[in-house]
Amino acid sequence: MLPNNVETFIGCDATYADASIVLYGAPFDSTTSYRPGARFGSKAIRGESFGIEMYSPYQNRDLTDYAIFDSGDLELCFGSPESALNVIGERTRTILNDGKFPFLIGGEHLVTLGAVREVLPRYPNLHIIHFDAHADLRDDYFGAKLSHACVLRRCDELLRATEPASNSQATFRPRIHQFGIRSGIREEFEFAAKYTNMHRFDFAGLAETIESLGDAPVYLTLDLDVLDPSAFPGTGTPEAGGVSFLQLLSAIQTVRLANVVGCDVNELAPNLDASGASTALACKVVRELLLALAK
Ligand SMILES: [Mn+2]
C-alpha cells in the first residue's frame, strides 16, 4: 500500500473530521481588470509552501500543532462569475455547516463575495476587515456589477440589507473597515466617506477599530496588493506606496484579537514575478494567518 499523491499546503494534512480550519482554493480571475494570472495563485501557494518552514519564529507556533485541512482547488467556470461565486458559496456553506473555519485562497478579489454571501446569514452582525491597495467600491466596472473592482461595494450592499432598523442614518456605524487603500476613483472615496470606515495608505487606526468591535464577528479579506510592489510584484494591479511585509505581519497580530469567523487571501498572480519571491511571500502570509487564527 502506497499513499496517494495528494498535495496540501505544508503542514495542513489533518483529516477533515479533526480539522478546525479548512483551506479551499478559488482559481478564478475572469474579471481581472489589468494583468491576469490570479487563477494560478492558490495552486502556486500550495506547491511552493514546501519551500517555507511550518514553524513561525514570529509567533513561536508551528502548523503541526494544529488540525488544518486543505480541501484543494474548486472547479470553477471561467466564463461565468455568478456560477463561480455559487460554487465558492456552496463550499463555504459546507465548511460553516460542519462547524469549521473557512479559509479561502484566491484567485482574484471577486471570490470574496462568494464566501461573504454565506458567512453573513450565519453572522448577521458581521463586520469586514479589508486590507487592499484598492478601494474596490465601484458600483460597476464598464457595466459589470460582478468585478474584482466592485467586490466591497457588493459586500456593502449585503451588509446594509441586513442592517438592524435601529442603525438609522443618524447613528449609522460602518461595518466595512478598510486599510492600506491608496487607489480608486473619486466616487469610491466619496462613497467610503459616507458608508465605510476607510483608512488610507497603512494600518493606522487598526488597533482602535479592532478594540471597538469587541466580540462582533469579523471576516478578514486580505488582498496581497496592499503590500508594496517592491516586496510583492506578482499581482495584477500593483500600486506603488504600499505597506511592508513586517507591517502586514503586525496587522495580522492585531486582527487576531478580533472574533474572526472566516478569511481569504487573494490576488497573487505567480506568473507576474518570475523570481518566485511573491509566491514565497504569499505562502508565508498564509502560514502566519493560519497560526494567528488557529485555536
Ligand atoms: Mn487590490
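A residue counts as buried when its relative accessible area is under 20%. Asp225 is buried by this rule, with a relative accessible area of 1%. The model discussed here is predicted.

**Overall build**

The chain has eight helices and ten strands. Its C-alpha trace spans about 65 × 40 × 35 Å along the principal axes. How does the radius of gyration of the chain compare with that of a compact globule? For 295 residues, a compact globule would have a value near 19 Å; the chain has 18 Å, which agrees. Of these 295 residues, 56% count as buried. The accessible surface comes to about 12,400 Å², and 52% of that surface belongs to carbon and sulfur atoms.

Contacts also reach along the sequence. Take those with a separation of 6 or more: residues 24 or more positions apart account for 78% of them.

In soluble globular proteins, nonpolar side chains tend to be buried together. The largest nonpolar core here has 50 residues. Those with the most contacts inside this core are Phe9, Phe103, Ile129, Phe131, Leu222 and Leu290. Strands E1 (21–26), E5 (101–106), E6, E9 and E10 each supply at least two residues, as do helices H6, H7 and H8. H8 gives the most, with ten residues.

Beyond its neighbours within four places in sequence, Leu290 is in contact with Phe9, Cys12, Ile21, Leu23, Leu63, Ile68 and Phe103. A second, separate core has 35 residues, including Ile88, Leu96, Leu113 and Ile181.

**Helix H7**

H7 covers residues 245–255. Its buried residues are Phe245, Leu248, Leu249, Ala251, Ile252, Thr254 and Val255. What covers them? The cover includes strands E6 (127–131), E9 (217–223) and E10 (259–266), together with helices H6 (206–213) and H8 (277–293).

**The manganese site**

Which residues coordinate the manganese ion? They are Asp132, His134, Asp223 and Asp225, at 2.2 to 2.6 Å. His134 uses its ND1 atom, while the aspartates use OD atoms. Along the chain, the donors follow the spacing D-x1-H-x88-D-x1-D. Asp223 counts as buried, at 2% relative accessibility. Asp225 is buried too, at 1%.

**Cysteines without bonds**

The structure holds zero disulfides. A disulfide needs the two sulfur atoms within 2.5 Å. Cys150 is in no disulfide either; its nearest cysteine sulfur, in Cys155, is 11 Å away. Cys12 is buried, with a relative accessible area of 1%, and Cys150 is buried at 0%.

**A buried histidine**

His199 is found in strand E8 (residues 197–200). Is His199 buried or exposed? His199 is buried, with a relative accessible area of 18%. Not counting residues up to four places away in sequence, His199 touches Gln178, Phe179, Gly180, Ile181, Ala204, Gly205 and Thr209. One of these, Ile181, is also in the second core.

**Buried residues side by side**

| Residue | Relative accessible area |
|---|---|
| Cys12 | 1% |
| Cys150 | 0% |
| His199 | 18% |
| Asp223 | 2% |
| Asp225 | 1% |

Conventions
Residues are numbered from 1 along each chain as its sequence is written. This is a predicted model: local features need pLDDT of at least 70, side-chain atom pairs count only at pLDDT 80 or more; totals for chains, interfaces and linings use all residues. Side-chain values use heavy atoms; hydrogens and water are left out. Buried means under 20% relative accessible area, exposed over 50%, partly exposed in between (1.4 Å probe, protein chains only). Helices (H or I, at least four residues) and strands (E, at least two) are DSSP runs, numbered from the N terminus. Contact means heavy atoms within 4.5 Å. A nonpolar core is a set of buried Ala, Val, Leu, Ile, Met, Phe, Trp, Tyr and Cys residues joined through side-chain atoms within 4.5 Å. Donors are N, O and S atoms within 2.8 Å of the metal (3.2 Å for Na, K and Ca); water is not among the atoms, so sites may look incomplete. The radius of gyration is taken over C-alpha atoms; the globule rule is 2.2 Å times the number of residues to the power 0.38. Accessible areas come from the Shrake-Rupley method with a 1.4 Å probe; for residues, only the protein chains shown count as cover.
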